[in-house]
Amino acid sequence: MQGKELLSKMFRNYFVLVTLINAVIFVSGSIAQPDARFGYSAFIMPLIYAFAGILPQAIMYARRELSIKEVLLRKFIQLLLIELFVNGIILGENALRPEYTDFLKTISACVVLVYVFANIISWVLDNASAKKLTRELTEFQKKNQYDKSENVG
């Protein structure tokens, strides 16, 4: 993946992550603490979490096409880095304390859920772009063949 393409994908994924993080916070908060109320400062946290979520995406940068094994390994490392960043932001040094184990598990599960959904959405968007590009290329080739046949005759 080239640098410009990576930056474009990171920018798109940032907004996908913000949306998914907001959804997870809403659902988990509605279940765990339905009566809790927060100030306006709480609106900044999904933006920070999403930023922490796209930073490890830089690990996907490569000058050449990666093999499936390399992509999967990099995706796994990316998920681990996201887990470290997000859990570090939320819990800090408390992440290592035994009384926070259940909370850490819940956060980690939410991170995995958001990661999987973000990758599915990214794949769907990339697939749609590839199909559109293939269709446009086919139409372009047909047009060029038609134009060449007119010039021959």
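Visitor: What's the handedness of the crossing of H1 and H2?
Guide: In this predicted model, H1 and H2 cross in a right-handed way.

Visitor: At what angle do they pack, and how far apart are the axes?
Guide: The angle between H1 (residues 3-32) and H2 (residues 45-54) is about 130 degrees, and their axes lie 8 Å apart. That angle makes H1 oblique to H2.

Visitor: Which residues meet there?
Guide: From H1, the contact takes in Met10, Asn13, Tyr14, Leu17, Val18, Ile21, Asn22 and Ile25. Their partners in H2 are Pro46, Leu47, Tyr49, Ala50, Phe51, Gly53 and Ile54.

Visitor: How do those divide into nonpolar, polar and charged?
Guide: The contact of H1 with H2 has 12 nonpolar residues, three polar ones and no charged ones.

Visitor: What box do the C-alpha atoms fill?
Guide: Along the principal axes, roughly 80 × 35 × 20 Å.

Visitor: And how much of the chain counts as buried?
Guide: 24% of the 153 residues.

Visitor: Contacts, then. What share comes from residues 24 or more positions apart?
Guide: Among contacts in the chain with a separation of 6 or more, such residues account for 73%.

Technical notes:
Residues numbered from 1 in each chain as written. Predicted model: local features only at pLDDT ≥ 70, side-chain atom pairs only at ≥ 80, totals over all residues. Heavy atoms only, no water. Axes fitted to C-alpha atoms, helices over the stretch in contact; angles between N-to-C directions. Helix = DSSP H or I, 4+ residues; strand = E, 2+ residues; numbered from the N terminus. Parallel < 35°, antiparallel > 145°, perpendicular 65-115°, else oblique. Left-handed = near helix turned anticlockwise from the far one by under 90°. Contact = heavy atoms within 4.5 Å. Nonpolar A, V, L, I, M, F, W, Y, C, P; charged D, E, K, R; others polar. Buried < 20%, exposed > 50% of the residue type's maximum accessible area, 1.4 Å probe, protein only.
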